Amino acid sequence: MAANFWTSSHYKQLLDQEDVDVVSPLDREKGITLEDFKLIKMQMANYISKLAQHVKVRQRVVATAVTYMRRVYTKKSMSEYDPRLVAPTCLYLASKAEESTVQAKLLVFYIKKFYNDDKYRYEIKDILEMEMKILEALNYYLVVYHPYRSLSQLLQDAGLSDISMTQVTWGVVNDTYKMDLALVHPPHLIALACIYIASVHRDKDTTAWFEELRVDMNVVSLPDVSASFPYDYL
């Protein structure tokens, strides 16, 4: 992995939100709207998380897999790349990229437990074939930087490293993968936004700290993002 985010392939692949919110012509022909597109990606992110719990991989693997899945659909249609196969294949690929390898046969075992329809009860060969297609769609760029990397340091710097704030902020970071934020924003800005959201909901005054950082609060506060989060755990 590149030592510096700003020289990495991840940085070079950041997109504007309007470039992410594009439904392919083939999907539009089949009646998939932008709202459908976003909902399917969220459902597949949840599916990846569910599979990950069963095969017992770290959250970082889940985050990388979801990022791969979302990157794929900036280039390929859901009609051609079935999300129900892309999602587990991205988890398989991410487990290798993050050096926490999951056996394809184990994924297939749980896929068959989740789906009764034979059409979606994929075999190992299906996973391996889709893996090659995904690698090509990603142009073999597998580097993903996550907010987790800087989160602990930022929380400590802000004087918010108690267990409660750490758990809440990590929960908010996990929820960012239900959206396309990783494709649009640098990970340190996502981490700062999550700290801001958690501090607001925990009544922590971080105004002075953010002023010292000289960050653009219009970006960090991300009002559209804040409104999208489920706050049941806050």
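# Domains, salt bridges and buried residues in a predicted model

Q: Is Cys 90 buried or exposed?
A: The structure is a predicted model, and the relative accessible area of Cys 90 in it is 0%. A residue counts as buried under 20% and as exposed over 50%. Because its value is 0%, Cys 90 is buried.

Q: How many disulfides does a search of the whole structure find?
A: Cys 194 has a relative accessibility of 1% and counts as buried. A disulfide requires a pair of cysteine sulfur atoms within 2.5 Å. For the whole structure, the number of disulfides that the search finds is zero.

Q: Which elements do the buried residues of helix α7 pack against?
A: Helix α7 covers residues 104-114. Its buried residues are Ala 104, Leu 107, Val 108, Tyr 110 and Ile 111. The elements against which these buried residues pack are α4 (34-55), α6 (83-97) and α8 (124-137).

Q: Which residues is Trp 209 in contact with, leaving aside its neighbours within four places in sequence?
A: Trp 209 belongs to helix α13, residues 207-213. With a relative accessible area of 9%, Trp 209 is buried. Once neighbours within four places in sequence are set aside, its contacts are Leu 154, Asp 157, Ala 158, Leu 192 and Ile 195.

Q: How far apart in space are Trp 209 and Asn 4, C-alpha to C-alpha?
A: In sequence, Trp 209 and Asn 4 are 205 residues apart. In space, their separation from C-alpha to C-alpha is 24 Å.

Q: Which loop holds Glu 99, a residue with a positive phi?
A: Most residues other than glycine have a negative phi. Glu 99 is not a glycine, yet its phi is positive, at about 55°. At 74% relative accessibility Glu 99 counts as exposed. The residue lies in the loop between α6 and α7.

Q: Is Asn 139 buried, partly exposed or exposed?
A: Asn 139 also has a positive phi, near 55°, in a residue other than glycine. Asn 139 is found in the loop between α8 and α9 (148-157). Its relative accessibility is 43%, so Asn 139 counts as partly exposed.

Q: How far apart are the C-alpha centres of domain 1 and domain 2?
A: The domain assignment of the protein chain gives domain 1 as 16-137 and domain 2 as 147-227. The contact takes 14 residues from domain 1 and nine residues from domain 2. The C-alpha centres of domain 1 and domain 2 are separated by 27 Å.

Q: Which element gives the most to the side of domain 1 that touches domain 2?
A: Between domain 1 and domain 2, seven residue pairs are in polar contact. On the side of domain 1 that touches domain 2, the elements giving two or more residues are α2 (17-20), α4 and α5 (59-72). With six residues, the element that gives the most is α5.

Q: How far apart in sequence are the parts tied together by the salt bridge of Asp 180 and Arg 70?
A: The side chains of Asp 180 and Arg 70 meet in a salt bridge of 2.7 Å, N to O. Asp 180 lies in the loop between α10 (163-176) and α11 (181-184), whereas Arg 70 lies in helix α5, so the pair ties together parts whose separation in sequence is 110 residues.

Q: How many salt bridges does the structure hold?
A: One of them joins Lys 38 and Asp 21, with the closest N and O atoms 4.0 Å apart. Another joins Lys 178 and Asp 175, at 3.3 Å. Across the interface of domain 1 and domain 2 the rule finds two. For the structure, the number of salt bridges is nine.

Terms used: Residues are numbered from 1 along each chain as its sequence is written. This is a predicted model: local features need pLDDT of at least 70, side-chain atom pairs count only at pLDDT 80 or more; totals for chains, interfaces and linings use all residues. Side-chain values use heavy atoms; hydrogens and water are left out. Buried means under 20% relative accessible area, exposed over 50%, partly exposed in between (1.4 Å probe, protein chains only). Helices (H or I, at least four residues) and strands (E, at least two) are DSSP runs, numbered from the N terminus. Contact means heavy atoms within 4.5 Å. Domain bounds come from an automatic or database domain assignment. A polar contact is a pair of N or O atoms within 3.5 Å; within protein, one must be able to donate a hydrogen and the other to accept it, and residues adjacent in sequence count only if both atoms are side-chain atoms.
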